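User: Can you walk me through this one? I want the sheets and the helix packing.

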Amino acid sequence: MIKQYVCHPFFIKSFLAFNLLIAFTNLKAQNVNIPINTEAFTMLLQTDENNLLRTVYFGESLVNESEYSSVSDMFNFTDSNIGISNATYTTSGTWNLSESAIQLVHADGNKSLELKYVSHSSKLLETNINLTSIVLKDPVYPVQVTLFYKVFVKENVIEQWTEIEHTEKSNIKLQKYSSANLYFTDGDYHLTTYHNQWAKEMQHNESKLTRGIKTVDSKLGSRTMLLQSPNFILSFGNQASENEGMVILGQLAWSGNFKLEFEVDSYDNLRFIAGINPHASEYSLPPNTSFKTPSLIYAISNNGTGEASRNIHNWARNYQVLDGKGERLTLLNNWEATYFDFDEDKISALFKDAKELGVDLFLLDDGWFGNKYPRNGDNAGLGDWQENVEKLPHGIGYLVKEAKKEDVKFGIWIEPEMINPKSELYENHLDWVIRQPERPEVYFRNQLVLDLSNPEVQDFVFGIVDKLFTENPELAFIKWDNNSVIFNAHSTYLEDKKLPQSHLYVEYVKGLYKVLKRIRTKYPKVPMMLCSGGGGRADYELLKYFTEFWPSDDTDPLERVFMQWNYSYFYPSIITDNHVTNWGNQSIKYKVDVASMGKLGFDIVASELSEKDLLFCKNAITNYHSFKDIVWHGELYRLSNPYTNEFAALMYVKEDKNKAVVFNYLVNNRVSFHTNIEPVRMAGLDANKKYRVKEINLYPGQESSLNTDKIYSGDFLMKVGINPNVNKTRPSVLFELTEAKD
Ligand code: DGJ
C-alpha cells in the first residue's frame, strides 16, 4: 500500500520567490500535513506558506486528522526566524542561523542550501512497520534530500535516516550530513548520557538541559564508545523516571565517529541533531550518487524509562539483532584463567572443566596465533592469523575435536581489524596500515588499525573468518575484538586512488559493514560476540551482524549490578554477555546471580574452585538453563535502583505472565545492619493470577528465609510486594514466581 502526495504546483513555482519572502517567514503551517504515527505518539510535520517542512508537534497521538492544520496556529512564532527554527531538516548558508543538520558546498563553491517540500509517500512494509519518505529539494541547485521514518508501530519505536543526492556538474562536498533533526517545544528537558572508560563503561550523567548546545561525540575512529556513548535518554518536564513521564530513549546506530547535539534555544525549544561526526570528515559526493546516513533509533513512552526500555528491547529482538529471538550458548572462556600463557594440554584440561560445569561451549581467547612473532603478550603477532606451532602443534582442528569429545562446542577469539608493528603482516603490508607515513607511529595497546577503506584489506579480514570456518566447519562461536582507536588517520589507499583523506572515517566503517555482510551471507547463523576492549562497541548497526556484545572487562559483580542496570535501558539481556571471574570479593553466588541477568559465561579455572563453590555453580547453571528463556525473551522490570537505594532489584516476566524470575542485591554493605525493611513491589504480573514463590540458587547448605508455602496473588505482589530479606548474610537473593494452578 503506497500513498503518494505531491506538492501543489503553486509552491513549486514559488520556490524562486522564497528568498524575498523569508525575512517575514512565520512558522504557521498551512499546507501539507505529514503525521509520523506510532501506536501512542504523533510527530506532525507540516509545510508552511513557503513550502518549508516544519516539525509542529511531538507528543501523544493526535486523534483528529482534521485538526492537524490548526496546530501551528497555536504558536506565535511570528517575529522572525532567528534562533527559533523548527525545520524538520535544518539547512545552512541561507536564512537559518541556528545549528544545522546539513551543510554543503556546491560544485561551484556556493555554500547555500534551501530545502523545500516536493512529495512524500507512506507504505506498509509489513504488519507493524510503516515507512514514510519525504522528498525535499533545493529550488536553486539540483540537490535532493529524502527523509526516512521507519515506524515500528506497536513498539513506539522510530528509525530515522536521510539520503542526500544531486545532479550537479561535479562533486558536492558534504560538510555535515545528519541522520535526524528532532524538535520539541515543551520547555523543560532532562538529558541522560553515558560516559565510559576502560573497565568503567556506562557511567551515566543526568542533567537538566539549559540554553546552549550540549554535545556528546566521538572522534576515536574505531572503538568509538571508549569515552562516550551514542545512547541517550531525553525526558520532558521532570528527570527521567521508571514508570512516569514522557521519555525518548535511543541511540545513533553508527560504528564510527558520532555526534549528538542537544540545543535549547532562547525560546526554550529543543533541537536534537544526531549523525556521523563531521569532524575531519568532509565527504565528496559525485553526481547521481546518494549518501545514506546511519539511523537514529529511539523508543518513545509516556510511562517512563521502564516501558521505553521494554519497547526498545522488543524492537531489538524482533527486528535488529542477529537471531534476537533465538538461543544463546553458555560458555567457559580462558582469558582470565590463562591470559597468553597456555598450550594444548592446558586448554584441553579446560574442556573438562566446561563439561563439569555444564556449559555449552569453550571459548579460546587471545594468544593462539603468530609464529615469527608469537602472540605471547599484547605487543606482537596481531595480523598473523596462523596457529602458533609451539602452543598448538596440532592446530585448531584438534582442539575442536578434543572439545567435542567432552561434548562441548568450541569458539575462538579474533581481532581482525588490527595489527602489531611486530608482525609479518606489518613487514609485508605497511600500505594496509592507517598511519601518517612521515610521522612517528602512535600506538594504543601496542597496535595500529588496518585500513578497511581498502578493498584488499576487506578481503583479508573476510579471509580470516572464512579460513577459520572452512578449515573448522564445527567452529561454533567467534569473539570479535577491537582494542584500538585510530591515531594518525591517514590512508595510503585513498591517497593512491586520489580520494580525499577526509573520507577515511566513513569509509572505514562502510568497509567493516561490507566485510560483515559477506560473512553473514556465507555464515548466516554462527553466534558472534561483539567486543571492543570491553564495551567500546555496542551500536545497533553492528549488532545486526552479532548475536551479543561484551559490556566491559570489569566483571566485579558489585560494579556489574550498576553497569548492567545502565546497559539495560538500551539492550535486552539476551545480547549482554556476563562472565563470572575472579574480579571482586563477593561470593561465587553473588557473582553467578549477577552474571545470570544476561548471557551467562565463566572465566575461571573451575577445577580450582572449592567443592561447595563448584557444586553451587553446577546447580546454578542447571537453574539458569531452566529460567534463561525468561531472561532472554521476557519483559524486564527494574524495581529498585542501585544508584538511589541500598538494594537493587530487577525482574524478568514471561510473556504469558505465568512465570517470573526476580534478582535482588545488597549494593551498600558499609552498614552491617542493612536489611530489606520494606518489601519489593513486583511488576508486570497478572493481578488475577496466583503465584508460588521459590528461592533458587541457594548456596549448598543455605536455607531460604522466604515462605514458600504461601501463594500470593499478582495483585498482592504488585501492590504490597515481597520481602527478599536481603542483608549482609544474604547479599544476593534470586527467586522465581510460578503461576499456581489449583
Ligand atoms: C579485550 C577484551 O575485552 C578481553 O575480554 C580479552 O578478549 C582481551 N581483549 C584479549 O586481548
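Analyst: We can go through confidence, then the sheets and the helices.

User: What is the mean pLDDT of the chain?
Analyst: This is a predicted model. Its protein chain has a mean pLDDT of 94. Of the residues, 95% reach 70 or more.

User: Where does pLDDT stay under 50?
Analyst: Over residues 1–29. The model has 70 contacts beyond four places in sequence for that stretch. Where pLDDT is low, the predicted coordinates should not be read in detail.

User: OK, sheets. What is the strand order in the sheet of 8 strands?
Analyst: The order is E28-E27-E26-E23-E22-E21-E30-E29. The sheet is open, and the pairing is parallel.

User: Which strands are at its edges?
Analyst: E28 (548–549) and E29 (577–580). Each of these pairs on one side only.

User: How many bridges join E21 to E22?
Analyst: There are 3. E21 covers residues 331–333, E22 covers residues 361–364, and the two run parallel. Asparagine 333 sits opposite leucine 363 in E22.

User: Which strands does H10 lie across?
Analyst: E26 (475–480) and E27 (528–530). H10 spans residues 504–522 and runs at about 170° to E26.

User: And at what angle does H8 pack with H10?
Analyst: About 35°, with the axes 9 Å apart. H8 is residues 455–471. The crossing of H8 and H10 is right-handed.

User: Which residues of H8 and H10 meet?
Analyst: From H8, Gln458, Asp459, Val461, Phe462, Val465 and Asp466. They meet Gly511, Lys514, Val515, Arg518, Ile519 and Lys522 in H10. By type, the contact of H8 with H10 has 5 nonpolar, 2 polar and 5 charged residues.

User: Switching to the sheet of 6 strands. What order and what pairing?
Analyst: E31-E32-E33-E36-E34-E35, with antiparallel pairing. This sheet is open too. Its edge strands are E31 (635–640) and E35 (711–713), each pairing on one side only. Neighbouring strands are turned by 25° against each other on average, direction ignored.

User: Through how many residues does the hairpin join E31 to E32?
Analyst: Through 6 residues. E31 and E32 (residues 647–653) pair in the antiparallel sense over 5 bridges. Tyrosine 637 has methionine 651 in E32 as its bridge partner.

User: How does H12 sit against H11, then? What angle and what distance between axes?
Analyst: The angle is about 20° and the axes are 9 Å apart. So H11 is roughly parallel to H12. H11 covers residues 557–567, and H12 covers residues 588–595. Their crossing is left-handed.

User: Which residues make the H11 and H12 contact?
Analyst: Pro557, Leu558, Arg560, Val561 and Gln564 in H11. On the H12 side, they meet Tyr590, Lys591 and Val594. The residues of the contact of H11 with H12 divide into 5 nonpolar, 1 polar and 2 charged.

User: Now H12 and H13. How do their axes cross?
Analyst: At roughly 20°, coming within 10 Å. H12 is therefore roughly parallel to H13. H13 is residues 611–633.

User: Left-handed or right-handed, that crossing of H12 and H13?
Analyst: Right-handed.

User: Which side chains meet there, in H12 and H13?
Analyst: I can list the residues that meet. They are Ile588, Lys589, Val592 and Asp593 in H12. Facing them in H13 are Asp613, Phe616, Cys617 and Ala620. The contact of H12 with H13 has 5 nonpolar, no polar and 3 charged residues.

User: Good. Which elements does H12 touch in the sheet again?
Analyst: E33, E34 and E36. H12 also has contacts with H11 and with H13.

Definitions and conventions
Residues are numbered from 1 along each chain as its sequence is written. This is a predicted model: local features need pLDDT of at least 70, side-chain atom pairs count only at pLDDT 80 or more; totals for chains, interfaces and linings use all residues. Side-chain values use heavy atoms; hydrogens and water are left out. Axes are lines fitted to C-alpha atoms, for helices over the stretch in contact, and angles run from 0 to 180 degrees between N-to-C directions. Helices (H or I, at least four residues) and strands (E, at least two) are DSSP runs, numbered from the N terminus. Angles under 35 degrees count as roughly parallel, over 145 as roughly antiparallel, 65 to 115 as roughly perpendicular and the rest as oblique. A crossing is left-handed if the near helix is turned anticlockwise from the far one by less than a right angle, and right-handed if clockwise. Contact means heavy atoms within 4.5 Å. Ala, Val, Leu, Ile, Met, Phe, Trp, Tyr, Cys and Pro count as nonpolar, Asp, Glu, Lys and Arg as charged, and the others, Gly among them, as polar. Two strands pair if DSSP finds at least two bridges between them. pLDDT is the predictor's confidence in each residue, from 0 to 100.
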